[in-house]
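The following report describes one protein model, going from the chain as a whole to selected side chains. Please keep the sequence and the coordinates at hand while reading.

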Amino acid sequence: PRVRAYWQKYSNERPSPKQSEQLTAVMKEQGTMLKDLLGVRLGRQEMIDTLYLQVQGSERQLLFLPPDRREGALQALADADFESKEMKFRSQGSYSSKDEQKLFNEKLAALADVLSPEELEEFHRRNSPAATMLKSEVRYFNLTPEEYQQLLLAKESTEAGKSTKDVVQKLFGEERAKEFERVGSSFYQNARTGAEAEGIPLERVDQAAKLANDSMTSGLAVAQDTTLSVEARKARLAELQAQADVKIKELLGDKASKTVLRDLRNVLRSSASYIKP
């Protein structure tokens, strides 16, 4: 990186498209040299992972395989220069879900010759973009393996454009959809994560998440209530935030409530944008 004078402003110094191509070419050259020396193709990230005894990226995705099968799959991805493809993809800064799916399909194609159809299907079900997102959404929603498979297939096919709640309702009924909505909200998930770390009873999580959701709903209603003056609405939003702070901290404690209250503050701040004279 270029060293700037202390008074100069920060600027984004990402590699240009041409520099990215040059860096990729250097990485390929290094990979070829290492293969000549060691008999295997190692990417830069693989060397770092080995040095620090860490598992991530493609290796983490392939952990379900026996060691010998995993090595073969990793070698196939290395031979297809997949690390360079992923680096180029991430360097774009912003990308669509369609772009992400395209890259994943390329990875499936690279693995097709070394994995059995059953192994490839399991890799797909574990690591597709839809699966990654779904596992986050259903983190606290109980599903049997068969139900999870059914839900994932629906999300990847004809129901792809629908919300997960709508798909759950269609597949499993109204009651299950309500349960998913309860445990799938960001307020609930953040409250539960903090509560589990601090050993706080789960019944308090439900209460805290309900308080946050109610405050969010009330905040939007207040912001749009034109019978109140602008100042009165702003004051009421501040009051809602202050009341929620006290009650949620009482339930979860200072540490476990931090993320929930931060998200609620952001939501109420967003609601304030609806306040018009």
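The model is predicted, and local features need pLDDT of at least 70, side-chain atom pairs count only at pLDDT 80 or more, while totals for chains, interfaces and linings use all residues. Residues are numbered from 1 along each chain as its sequence is written, and side-chain values use heavy atoms, with hydrogens and water left out.

## Overall architecture

The protein chain holds 14 helices and zero strands, where helices (H or I, at least four residues) and strands (E, at least two) are DSSP runs numbered from the N terminus. Its radius of gyration is 24 Å, whereas a compact globule of 277 residues would have one near 19 Å; the radius is taken over C-alpha atoms, and the globule rule is 2.2 Å times the number of residues to the power 0.38. Taken along the principal axes, the C-alpha atoms fill a box of roughly 75 × 60 × 40 Å.

Of the 277 residues in the protein chain, 32% are buried, with buried meaning under 20% relative accessible area, exposed over 50%, and partly exposed in between (1.4 Å probe, protein chains only). Among the contacts in the protein chain with a separation of 6 or more, 55% come from residues 24 or more positions apart, a contact being heavy atoms within 4.5 Å.

## Salt bridges

The protein chain is next described through its charged pairs, for which a salt bridge is a side-chain nitrogen of Lys or Arg within 4 Å of a carboxyl oxygen of Asp or Glu.

| Residue | Partner | N to O distance |
|---|---|---|
| Arg-176 | Glu-147 | 3.1 Å |
| Glu-181 | Lys-165 | 3.3 Å |
| Glu-179 | Arg-182 | 2.8 Å |

In the salt bridge between Arg-176 and Glu-147, Arg-176 lies in helix α11 (residues 174–184) and Glu-147 in helix α9 (residues 145–156), so the pair ties together parts that are 29 residues apart in sequence. Arg-176 counts as partly exposed at 24% relative accessibility, whereas Glu-147, at 18%, counts as buried.

Glu-181 is partly exposed at 45% relative accessibility, and Lys-165 is partly exposed at 27%.

Glu-179 and Arg-182, by contrast, are three residues apart in helix α11, so they are separated by about one helical turn. Glu-179 is partly exposed, with a relative accessible area of 31%, and Arg-182 is partly exposed, with 35%. Elsewhere, Glu-121, Arg-125 and Glu-156 are linked in a network of salt bridges.

A polar atom of the Ser-185 side chain lies 3.1 Å from the backbone nitrogen of Tyr-188.

Together with Ile-48 and Leu-51, Tyr-52 forms a nonpolar patch on the surface with about 350 Å² of accessible area; patches are made of residues with over 30% relative accessible area and no salt bridge, like charges being joined within 9 Å and nonpolar side chains (Val, Leu, Ile, Met, Phe, Trp, Tyr) within 5 Å.

Glu-71 belongs to helix α4 (residues 67–79) and counts as partly exposed at 48% relative accessibility. The C-alpha atoms of Glu-71 and Glu-59, which are 12 residues apart along the chain, are separated by 8.9 Å.

Pro-15 is placed in the segment before α1 (17–38) and, at 42% relative accessibility, counts as partly exposed. Leaving aside neighbours within four places in sequence, Pro-15 is in contact with Ser-20 and Leu-23.

Terms used. Accessible areas come from the Shrake-Rupley method with a 1.4 Å probe; for residues, only the protein chains shown count as cover. A polar contact is a pair of N or O atoms within 3.5 Å; within protein, one must be able to donate a hydrogen and the other to accept it, and residues adjacent in sequence count only if both atoms are side-chain atoms.
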